[in-house]
Amino acid sequence: MAWVRTIRPEEAEGIVKEEYAHIWGRTREVPEVISVFSLRPDLLRARVAFSTAMTFGGSGLGRYREELIAVSISQLLGCKF
């Protein structure tokens, strides 16, 4: 649980609501690692854009292999994100 105040998805407005909707469409949840940026919508948007650019399509492996590696490492580390 985050020790900083965050904006929950049902309270979100504006940029935060847009970014939460974007994330929700991919993961069906808004992870704390994202919601801790909710009080700074400008940083939230930058964080989501950075994550998307780094995670999907940046390696030349293709989306399937990238997802397979991400899921495998998350499982090994016990990370639900």
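User: Why does Leu-61 count as partly exposed?

Analyst: Leu-61 has 40% relative accessibility. Buried means under 20% relative accessible area and exposed over 50%, with partly exposed in between (1.4 Å probe, protein chains only). The value of 40% falls in between, so Leu-61 is partly exposed. Leu-61 lies in the loop between H3 and H4; helices here are DSSP runs of H or I with at least four residues, numbered from the N terminus. This is a predicted model, in which local features need pLDDT of at least 70 and side-chain atom pairs count only at pLDDT 80 or more, while totals for chains, interfaces and linings use all residues. Residues are numbered from 1 along each chain as its sequence is written, and side-chain values use heavy atoms, without hydrogens and water.

User: What makes Ser-35 buried?

Analyst: The relative accessible area of Ser-35 is 7%, and that is under 20%, so Ser-35 is buried. Ser-35 is in helix H2 (residues 32–35).

User: Which residues does Ile-7 touch, not counting residues up to four places away in sequence?

Analyst: Ile-7 touches Ala-12, Val-16, Tyr-20, Ser-38 and Leu-39.

Terms used:
Contact = heavy atoms within 4.5 Å. Helix = DSSP H or I, 4+ residues; strand = E, 2+ residues; numbered from the N terminus.
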